[in-house]
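Here is a colleague's note for someone meeting this model for the opening time. Please keep the sequence and the 3D view open while reading.

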Amino acid sequence: MEYRDYYQILGVERSAGQDEIKRAYRKLARKYHPDVSKEGDAEDRFKEVSEAYEVLKDPEKRAAYDQLGSNWNSGQDFNPPPNWDQGFEFHGGGYTEADPEAFSDFFESLFGRGGFHRSGFQQGGRQFHAQGENTYARIAIDIDDSYRGSKRQITLKHSELGADGRPVVKERTLNVTIPKGVTEGQQIRLAGQGQPGMGQGKAGDLFLEIHFNPHARFSVEGKTVYLDLPVAPWEAALGDKVRVHTPDGPVNLTLPANSKSGSKLRLKGRGLPAKEPGDLYVVVDIVTPPATTDAEKAAYRQFRDAFNFDPRSDAGGV
């Protein structure tokens with residue numbers, strides 16, 4: 001996937017105000033509109049210009065895009081940094097007025113999520129009433145939070161247009177209850193914590209999408225948890241009883257003799273909690289001790305001579 005410099009596409013500086021961005025877009029849109037342009041690549045350029053404006057006209061998308069920094073060049077290989085938009089609050093959906101199919105993979109990777117759309121409005125008497133928009137943000141939690149439930153204080157960032165037409169990032173802090181058994185990608189709804197309404201209109205809701213912080217030994221797929229268990233070669237060969245520290249507490253596990261690296265041992269119901277809890281799989285990882293001293297090297301030579309073993313016998317002589 002290639003990085004897109006939206007400022008370069010519109011021909012404006014990163015410090016440009018919203019009026020300057022709008023003027024640049026209108027000029028280029030007229031130039032490359034497929035109905036009037038004679039340029040050979042008019043349709044592609046028009047889509048490119050429209051995509052850039054879709055981001056830079058929106059204070060929240062623009063502020064989030066600016067977080068990626070200015071060290072990227074157009075066409076450079078790009079993958080969004082993990083949790084690049086964590087804690088950044090968005091209003092409305094990923095798209096506004098344009099066809100989602102017209103956007104690039106780059107845009108889709110940053111903003112192409114389904115959506116929370118603008119609420120309807122109603123007018124009564126002289127006073128205008130409108131329900132506030134729903135808002136959306138991603139937050140990262142630890143696996144332990146899902147096993148036990150927790151209360152967290154989170155800080156969310158959102159942006160507003162400043163007097164100079166540039167987005168200004170502001171923060172707010174909320175106390176959030178993380179329900180027990182929450183899964184990756186699940187959304188928590190906080191009623192009335194979205195955009196304020198107008199007049200007597202109700203405030204919108206805030207939807208928090210849950211993601212798990214990376215862990216050195218645990219990984220999660222749905223309700224299933226995987227735990228990497230370091231095992232000494234003799235434990236794997238002879239079998240042993242080992243104490244395994246799971247997110248749900250320690251467990252005494254019987255390691256079968258002749259266990260292989262990558263083999264899985266199932267602990268039923270020890271995955272994420274739920275009405276039907278997930279399972280936990282202990283994944284065997286055989287760790288070879290280093291041979292640094294003469295005695296350790298001699299032990300390995302004795303070990304080698306004791307076995308008639310070729311680890312590549314099934315690999316066609318490789």
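1. Start with a term. A salt bridge here is a side-chain nitrogen of Lys or Arg within 4 Å of a carboxyl oxygen of Asp or Glu. Asp 66 and Arg 14 meet this rule, with their closest N and O atoms 3.5 Å apart. This pair links distant parts of the chain. Asp 66 sits in helix H4 (residues 59-66), while Arg 14 lies in the loop between helix H1 (6-10) and helix H2 (18-32). The two are 52 residues apart. Helices (H or I, at least four residues) and strands (E, at least two) are DSSP runs, numbered from the N terminus.

2. A word on the basis. This is a predicted model, in which local features need pLDDT of at least 70 and side-chain atom pairs count only at pLDDT 80 or more, while totals for chains, interfaces and linings use all residues. Residues are numbered from 1 along each chain as its sequence is written, and side-chain values use heavy atoms, with hydrogens and water left out.

3. The overall picture comes next. The chain has eight helices and 14 strands. Of its 318 residues, 40% are buried. Buried means under 20% relative accessible area, exposed means over 50%, and partly exposed lies in between (1.4 Å probe, protein chains only). The chain exposes about 19,000 Å². Carbon and sulfur atoms supply 46% of that area. Accessible areas come from the Shrake-Rupley method with a 1.4 Å probe; for residues, only the protein chains shown count as cover.

4. Now the contacts. A contact means heavy atoms within 4.5 Å. Take the contacts in the chain with a separation of 6 or more: residues 24 or more positions apart account for 60% of them.

5. How many salt bridges does the structure hold? There are 13. In general, side chains of opposite charge can pair when their charged atoms come close. Arg 14, from point 1, counts as partly exposed because its relative accessibility is 25%.

6. Arg 45 pairs with Glu 48, the closest N and O atoms being 3.3 Å apart. Both lie in helix H3 (residues 42-56), three residues apart, about one turn of the helix. Arg 45 is at 25% relative accessibility, so Arg 45 counts as partly exposed. Glu 48 is partly exposed too, because its relative accessible area is 23%.

7. Helix H6 (residues 143-148) holds both Arg 148 and Asp 144. Their side chains meet in a salt bridge (3.8 Å, N to O). They are four residues apart, about one turn of the helix. Asp 144 counts as partly exposed, because its relative accessibility is 39%. Elsewhere, salt bridges that share partners join Glu 54, Lys 57, Asp 58 and Lys 61 into one network.

8. Is Tyr 32 buried or exposed? Tyr 32 is buried, because its relative accessible area is 6%. This residue is found in helix H2. Leave aside its neighbours within four places in sequence, and Tyr 32 is in contact with Ser 37, Glu 39, Ala 42, Arg 45 and Phe 46. The C-alpha atoms of Tyr 32 and Arg 45 are separated by 6.4 Å, with the residues 13 apart along the chain.

9. Look next at an open sheet of four strands. Its order is S9-S10-S14-S13, with mixed pairing. Strand S9 (218-221) and strand S13 (264-267) are the edge strands, each pairing on one side only. Neighbouring strands of this sheet are turned by 25° against each other on average, direction ignored. Axes are lines fitted to C-alpha atoms, for helices over the stretch in contact, and angles run from 0 to 180 degrees between N-to-C directions.

10. The pairings can be followed one by one. Two strands pair if DSSP finds at least two bridges between them. S9 and strand S10 (residues 224-231) pair in the antiparallel sense over four bridges. Tyr 226 in S10 is the bridge partner of Ser 219. S10 and strand S14 (residues 280-286) run parallel, joined by seven bridges. Here Val 231 has Ile 286 in S14 as its bridge partner. S13 and S14 are antiparallel, with four bridges.

11. Finish at the surface. Tyr 300, Phe 303, Phe 307 and Phe 309 form a nonpolar patch, with about 480 Å² of accessible area together. Patches are made of residues with over 30% relative accessible area and no salt bridge; like charges are joined within 9 Å, nonpolar side chains (Val, Leu, Ile, Met, Phe, Trp, Tyr) within 5 Å. Phe 309 is found in the segment after helix H8 (294-306). Phe 309 counts as exposed because its relative accessibility is 64%.
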